[in-house]
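Student: I would like a close look at one part of this structure. Please take me through it slowly.

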Amino acid sequence: MGAKRINKSRRRFLKKSVVAGGTILATSGLKPFSVLIFAAKEPEDTLNPWYGIGIDIEKCIGCGMCAKSCKLENDVPQEPFYFRSWVEQYTIKNDGTIKVESPNGGIDGFSQSVPDNEIFKTFFVPKMCNQCAKSPCTQVCPVGATYESPEGIALVDEEYCIGCRYCIQACPYGCRYLHPEKKTVDKCTLCYHRITKGLKPACMETCPTGARIYGDLNDKDGELSLFLKKHNCQILKPHLNTGSKLYYNELSAEVR
Amino acid sequence: MPPQLKTLLPFFAALILFFLIIRHFLIPESFGELGHYRANSIEEIGDLPIHYAGKSVCIDCHDIEAEQQRNDSHASLSCEICHGPGAKHANDYEVKLIKSGTRKDCGRCHNLHSARKIEAVVQVNIQEHHTERENCIDCHNPHAVWELKE
């Protein structure tokens, strides 16, 4: 009798596992299922642009014009100090400690705070939205107010945003803030209103050394593709698998 | 079908209909056309006004400065780096732009700083460099930097 019961439950177990396995297999084959995993689909039509950004740290002189012009172009309030784009200065001292500073996000430029004889090396790192292909921020939005446009730019629908700040928590790069007047979330749009009119984003328009470029990653002979071919580029926090499309040349391992 | 279910059926049907009607009015136009968002918002963001006009607009009128700048070390710079956003000025000449040239303004790029690469930009110590003059433009013409005024 005991043996019979075991047999029965084994059969039931096998049946259930076959059904469960089959369901998982079947649903993984369904296309809409991938939408749940990836906020945006990778472009199928490679004729359309798929934008990325390149920043050459070697060329950055830390003038902070990118941070300043970004505020002016996109009507970001000058104070409090919220940013779509900002500059950080990393200083690695002779004793091995790392100092990161960003006085007012760099909008007024930088003055040297550590004396020359204590510095092992120092450099500027301009930061902005990484326009991730698998954006953590767009995946968590409960109302569909933030999304990735077909060009691969993460945008916020101001009218639809309820200001729950979930996306601010989700962004591992700290690139979002709650607009103090509109009470909706705001972020870098890669100056979508400019690039659709054929102009450069404001930060790239005002960069005196040309340290920042943007371009179409689908265009293998384009400006950005050439930048990626020529330089040994890295992205920030690659272990998070965000699909970041902001590429840094000469990025030091100390940068977080 | 049990009679209890039969009496409940129209109630459930009405509930579902009510839900669908409410849903119809709550979902904004163009939602879901391209994904789980309002497709029209892409256009709305694209239609925002610009503030930085671009160098090509500036040199249409200011040809003397453009000619000076083209032949000097500031050739690659956009006018609006120093003069600020100029789209309003391009539409209405009454809107004046800033004329920078103070030690602070030029110092953003040119002040001595250990993180700046010396080959990328000329650096001076703005606290010590020719302290008898107040502003950089008292000596330097920013459009042609090495044409020194007396």
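Which residues in α3(A) are buried?

Tutor: Keep in mind that this is a predicted model. The buried residues of α3(A) are Met65(A), Cys66(A), Ala67(A), Ser69(A), Cys70(A), Lys71(A) and Glu73(A). Buried here means under 20% relative accessible area. Since seven of the nine residues of α3(A) are buried, this helix is largely enclosed by the rest of the structure.

The cover comes from both chains. From chain A it includes β2 (85–93), α6, α7 and β9 (212–216), and from chain B it includes α5 (79–83) and α7 (103–110). Just after the helix, Asp75(A) has a positive phi of about 50°.

Now for the interface around it. In total, 48 residues of chain A are in contact with 36 residues of chain B. About 3,400 Å² is buried between chain A and chain B, and carbon and sulfur atoms give 57% of that area. On the side of chain A, the most area is lost by Ile61(A), Tyr147(A) and Glu205(A), together 16% of what that side buries.

The rule finds two salt bridges across the interface. Arg38(B) forms a salt bridge with Asp157(A), with the closest N and O atoms 2.7 Å apart. Elements of chain A that give two or more residues to the side touching chain B include α3 (65–73), β4 (119–128) and α7 (202–205). The largest share of that side, five residues, comes from α3(A). By class, the side of chain A that touches chain B has 21 nonpolar, 15 polar and 12 charged residues.

Conventions
Residues numbered from 1 in each chain as written. Chains lettered and ligands numbered in written order. Predicted model: local features only at pLDDT ≥ 70, side-chain atom pairs only at ≥ 80, totals over all residues. Heavy atoms only, no water. Contact = heavy atoms within 4.5 Å. Buried area = accessible area lost by both parts, 1.4 Å probe. Salt bridge = Lys/Arg side-chain N within 4 Å of Asp/Glu carboxyl O. Helix = DSSP H or I, 4+ residues; strand = E, 2+ residues; numbered from the N terminus. Nonpolar A, V, L, I, M, F, W, Y, C, P; charged D, E, K, R; others polar. Buried < 20%, exposed > 50% of the residue type's maximum accessible area, 1.4 Å probe, protein only.
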